[in-house]
Amino acid sequence: MSDYLISVRPDETPCTLALVAKQARVSPMTVSRVFRNFPCVSTETRERVLAVAKTLGYRPDPQVMRLMQLVRRNRTRKISSRLAVIRAGGLQDDVVILGRDVAKSHVMYNYVALGDIRRRALQHGYDVDEFEMGAGTGMTPQRLREILDARGIRGILVSVQSMTGELSQCSSSHFDYTGLAAATFGYGLNAPRLHRASTNMTQGILETAALLELRGYQRIGLAISSWVDTRADHTYSGAWLHYQQTVPLRRRIPLQLFPDNNMNEGEQIFCRWIRKYNPDLIISFDRLVPHWLRETLQLRIPDDIGIVVHDWTSGATAVDNSVNHSFSFAGIDHRRSHVAAAAVDLVATQLQHNEHGIPEVPRQILIPPTFVDGSSIRGPFRRA
């Protein structure tokens with residue numbers, strides 16, 4: 001074994017893995033396993049090897065490590081070449097997953113697409129299996145764990161839609177994470193605290209507000225549901241509170257949170273809010289809200305009021321019957337394909353370093369969203 005051949009003492013003979021093994025009174029294979037975080041090494045041996053390595057000024061050679069990882073990956077591909085995506089969370093009846101039930105006019109949840117996950121996983125040498133777990137699926141946590149073990153799957157990505165994630169089938173009280181490298185998307189899973197990849201909506205809201213001010217908008221409002229804000233770990237409301245402190249009092253419009261996820265119940269609340277505060281632009285949903293603006297409030301988009309979709313997708317369009325033409329929404333693109341890639345990277349890194357189970361310190365990757373222009377707002381940009 002010669003995985004590690006570099007020394008932090010360039011003036012002396014390079015410290016090798018064999019030298020560390022000799023000083024620690026273990027085999028070179030044991031030293032290699034310590035640095036690759038193998039669970040089979042006892043705590044006492046691990047601490048002794050690390051202490052000797054520190055005394056000798058030893059550290060891994062990253063280039064040699066990379067070559068050895070490629071060799072090992074090819075040797076173990078047959079037993080660990082797949083990742084699992086678990087869709088779970090006890091989805092509420094009044095929350096619609098985009099692409100599954102678009103007939104209901106309720107809150108839309110745009111989930112991370114399997115295709116985006118698979119594309120990144122293939123770059124790491126993995127394929128992907130998808131499982132649904134929870135009420136109505138017939139898949140229990142125990143049964144799913146048996147399937148994962150039988151297939152040799154050691155990496156999982158958890159996609160939970162429910163805002164009460166601590167009660168979901170993927171909580172640590174139901175599902176056994178022992179020996180698994182795991183990551184989740186967004187903040188739907190409150191417990192256990194896994195590594196996560198998410199969109200940075202604090203940045204998204206603040207940058208969008210700044211761009212809209214360049215378009216000449218002075219009174220900007222935000223109207224979303226409590227479910228959306230809770231699932232985003234209150235990054236919407238937190239960012240909005242900060243933004244409101246940066247504008248004069250006459251331009252401040254309080255956040256409107258729809259208390260019910262069934263958006264059909266929110267029309268009167270929304271219309272009272274619009275009439276009271278008279279915003280010249282709102283950041284909100286692309287469903288029902290445009291209809292309320294045009295039909296109930298008799299406001300023209302974008303002449304009387306602009307609208308920016310808080311969670312933009314490529315299908316965000318609407319038809320204005322009054323002028324008999326369709327228009328595209330401006331909006332905030334959460335860039336879920338990048339969120340998917342980041343989550344896969346988190347799992348692949350854990351597998352590479354033999355990290356598994358619920359992490360003591362979960363890591364988080366925040367993907368910056370991007371603003372998408374559309375005919376639902378005025379233009380062009382004013383010079384700052």
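Buried means under 20% relative accessible area, exposed means over 50%, and partly exposed lies in between (1.4 Å probe, protein chains only). This is a predicted model: local features need pLDDT of at least 70, side-chain atom pairs count only at pLDDT 80 or more, and totals for chains, interfaces and linings use all residues. Residues are numbered from 1 along each chain as its sequence is written, and side-chain values use heavy atoms, without hydrogens and water.

**Exercise 1.** Classify Glu 146 and Arg 143 by accessibility, and find how their side chains meet.

*Solution.*
- Glu 146 has a relative accessible area of 48%, so it is partly exposed.
- Arg 143, at 45%, is partly exposed.
- Their side chains meet in a salt bridge, 3.4 Å from N to O. The rule asks for a side-chain nitrogen of Lys or Arg within 4 Å of a carboxyl oxygen of Asp or Glu.
- Both residues lie in helix 6 (residues 141–151), three residues apart, about one turn of the helix. Helices are DSSP runs of H or I, at least four residues; strands are runs of E, at least two; numbering starts at the N terminus.

**Exercise 2.** Work out which parts the salt bridge of Asp 129 and Arg 82 ties together.

*Solution.*
- The N to O distance of this salt bridge is 2.8 Å.
- Asp 129 sits in strand 6 (residues 127–132) and Arg 82 in strand 3 (residues 82–88), so the pair ties together parts 47 residues apart in sequence.
- Asp 129 is buried at 11% relative accessibility. Arg 82 is partly exposed at 29%.
- A network of salt bridges links Arg 82, Arg 118, Asp 127, Asp 129 and Arg 151.
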